Amino acid sequence: MYKHILLATDLTDDTGYILKKVRKLRDYTGAKLSLIHVVEPMPGYSYAYLGIEDIEGQLIEESRAALAKVGESLEVDKKHQWIEVGPTKSKIHAVAQEIGADLIICGSHGRHGLSLLLGSTANAILHGANCDVLVVRLPEEK
Ligand code: AMP
């Protein structure tokens, strides 16, 4: 069975829905659990006019704090919490590889029209992953 699960979270409200399943799957398999959130790099121009000197640094810190809360609720310690900066898909794959994850869990919304054509993050994670990927279908957005 799975030995090391990597949960990819966008840190939105959807996370709560996924957590319940992750918790059960972790208990069922006895797998180790790691968490990842990827911060997309910000273009290198200044946001000083908004009163923010280092917007990327601020995003990283906020993400770290939000991921720590998820970690607390799942009892995942800090050294298994990953905040990466870069393209979401490749960072998730790289960390999965580095920690030897054998299952990546992510969410997906039902999609129609243009967003279906453009593809989702879940799709991107699925393609090129070297391990199983579990996509949790999220409740419809209202
Ligand atoms: P989306 O296609 O943006 O609705 O995202 C689908 C799923 O991909 C989310 O439920 C997360 O599991 C994962 N995901 C999206 N963005 C990120 C991110 N920045 N870092 C980690 N996982 C993400």
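Student: Is Thr15 buried or exposed?

Tutor: A residue counts as buried when its relative accessible area is under 20%. In this predicted model, Thr15 has a relative accessible area of 6%, so Thr15 is buried.

Student: Where is Thr15 found, and what does Thr15 touch?

Tutor: Thr15 is part of helix H1, which covers residues 14-29. Leaving aside residues up to four places away in sequence, Thr15 touches Thr9, Asp10 and Val70. With Thr9 there is also a polar contact, side chain to side chain, at 2.9 Å.

Student: Which residues have the most contacts inside the largest nonpolar core?

Tutor: A nonpolar core is a set of buried residues, such as Leu and Ile, joined through side-chain atoms within 4.5 Å. The largest one here has 19 residues, and those with the most contacts inside it are Leu7, Ile18, Leu33, Leu35, Leu74 and Ile105. Strands S1 (4-8), S2 (32-39) and S4 (103-108), along with H1 and helix H2 (55-74), each give two or more residues to this core. H2 provides the largest share, four residues.

Student: What does Leu74 touch?

Tutor: Not counting residues up to four places away in sequence, Leu74 touches Leu7, Leu19, Arg23, Arg26, Leu33 and Leu35.

Note on methods
Residues are numbered from 1 along each chain as its sequence is written. This is a predicted model: local features need pLDDT of at least 70, side-chain atom pairs count only at pLDDT 80 or more; totals for chains, interfaces and linings use all residues. Side-chain values use heavy atoms; hydrogens and water are left out. Buried means under 20% relative accessible area, exposed over 50%, partly exposed in between (1.4 Å probe, protein chains only). A polar contact is a pair of N or O atoms within 3.5 Å; within protein, one must be able to donate a hydrogen and the other to accept it, and residues adjacent in sequence count only if both atoms are side-chain atoms. Contact means heavy atoms within 4.5 Å.
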